[in-house]
Amino acid sequence: MKELVCHFCGETVTFERKVMRDDECPKCGRALHSCLNCEFRSETAHNKCRESQAEWVSEKEKDNFCEYFSPGLSPKSRSGYEKEQSARRAFKDLFKDKK
């Protein structure tokens with residue numbers, strides 16, 4: 001059984017089979033087989049994908065035919081944004097006046 005956390009709404013979706021191109025999130029109706037829901041997605045990698053053989057996908061939020069798609073367990077941009085904000089707060093706190 002595989003789980004995927006929808007990038008768009010955060011809903012956890014469970015699959016007993018491979019995620020297909022036309023699968024949609026039951027909560028928000030957005031495409032699940034998209035780059036934004038893939039574990040290989042990376043803003044810093046070539047083509048924004050850590051899978052070196054994957055072809056360029058221009059619309060990362062839409063369904064696609066990528067054969068390397070693998071469900072991500074957490075919304076990448078949301079969790080990355082939260083980590084970044086937490087790190088920034090911690091850094092700023094280091095230099096606050098402790099009067």
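Let's start at Leu94, which is exposed because its relative accessible area is 62%; exposed means over 50%, buried under 20% and partly exposed in between, with a 1.4 Å probe and protein chains only. Keep in mind that this is a predicted model, where local features need pLDDT of at least 70, side-chain atom pairs count only at pLDDT 80 or more, and totals for chains, interfaces and linings use all residues. Residues are numbered from 1 along each chain as its sequence is written, and side-chain values use heavy atoms, leaving out hydrogens and water.

Leu94 belongs to helix 1 (residues 76-94); helices are DSSP runs of H or I with at least four residues, strands are runs of E with at least two, and both are numbered from the N terminus. Phe95 counts as exposed too, at 60% relative accessibility.

Now look at the rings of Phe91 and Phe95: their centres are 5.1 Å apart and their planes at 65°, so the pair is edge-to-face. Rings of Phe, Tyr and Trp (its six-membered ring) pair if their centres lie within 6.5 Å, with planes under 30 degrees apart called stacked, over 60 edge-to-face and the rest tilted. The whole structure holds 1 aromatic pair.

Arg30 lies over the face of Phe8, 3.9 Å from the ring centre, and the charged end of Lys60 sits over the Trp56 ring at 4.0 Å from its centre. Such a contact needs NZ of Lys or CZ of Arg within 6 Å of the ring centre and within 35 degrees of the ring normal.

Our last stop is Pro26, in the loop between strand 2 (12-15) and helix 1. Pro26 counts as exposed at 64% relative accessibility. From Pro26 to Glu11 it is 15 residues in sequence and 8.3 Å in space, C-alpha to C-alpha.
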